[in-house]
Amino acid sequence: MPLATLSQLKAFQEDLASLRKISTTIQSVYSTVFLHEATARLMAGASPTRTQLLLHRTLRKRYVSVEGQDSAVEGESGKREKAKALLMACRHLPVEMLSRPGQQVGMLVEAAQMFETLGDRKSLKDCHELMVSFRGLGLNLTSAVC
């Protein structure tokens, strides 16, 4: 991802501040905040360690209490954010940051399945293009997904 200009970063940070304010009253927005914070770090060329942590937070399910019962909440937007976080991690984080060899492939397969379920053809195409580039590096991909 090319680095953003200072004016682009400033505008993005202002939008992020607004999103943070919204998250104080609408808790389901937290994962969106984490995803956008990770995006801002990528735009600025920041160290990938904190970016990885923010992407990981995006991937966690949120639990809420509804009339005394705890339940996982992951609507369509939650699935989209999770898939975007997986795609961003595969595309932008150094391979060394992932815990085991070939983890990127599994993450891309999962993201592609989510994008397909959501009907997001553009993001699904992005996943497939990244998979093809991994294939060129000699990584083993599931042919059923590509």
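**Cysteines, fold and a helix pair**

Cys127 is buried, its relative accessible area being 0%. Please keep in mind throughout that this is a predicted model.

Let us stay with the cysteines. How many disulfides does the structure hold? The number is 0. Cys127 takes part in no disulfide, and the nearest cysteine sulfur to that of Cys127 belongs to Cys90, 7.7 Å away. Is Cys90 buried or exposed? Its relative accessibility is 4%, so Cys90 counts as buried.

I turn now to the chain as a whole. The protein chain has 6 helices and 2 strands. Along the sequence, these elements follow the pattern α-α-α-β-β-α-α-α. The chain comprises 146 residues, of which 38% count as buried. If we take the contacts with a separation of 6 or more, 53% of them are between residues 24 or more positions apart.

Next, a pair of helices. Helix H1 covers residues 6-23, and helix H2 covers residues 30-44. Their axes come within 10 Å and cross at roughly 165°. An angle over 145 degrees counts as roughly antiparallel, and H1 is therefore roughly antiparallel to H2. The crossing of H1 with H2 is left-handed.

Which residues meet where these helices touch? On the H1 side they include Leu9, Phe12, Leu16 and Leu19. On the H2 side, Val33, Ala40, Met43 and Ala44 are among them. Polar and charged residues take part as well: the contact of H1 with H2 divides into 9 nonpolar, 6 polar and 2 charged residues.

Thr32 is located in helix H2. With a relative accessible area of 15%, Thr32 is buried, because the threshold for that term is under 20%. What does Thr32 touch, once its neighbours within four places in sequence are left aside? Thr32 is in contact with Leu19 and Glu81.

Methods:
Residues numbered from 1 in each chain as written. Predicted model: local features only at pLDDT ≥ 70, side-chain atom pairs only at ≥ 80, totals over all residues. Heavy atoms only, no water. Disulfide = S-S within 2.5 Å. Buried < 20%, exposed > 50% of the residue type's maximum accessible area, 1.4 Å probe, protein only. Axes fitted to C-alpha atoms, helices over the stretch in contact; angles between N-to-C directions. Helix = DSSP H or I, 4+ residues; strand = E, 2+ residues; numbered from the N terminus. Parallel < 35°, antiparallel > 145°, perpendicular 65-115°, else oblique. Left-handed = near helix turned anticlockwise from the far one by under 90°. Contact = heavy atoms within 4.5 Å. Nonpolar A, V, L, I, M, F, W, Y, C, P; charged D, E, K, R; others polar.
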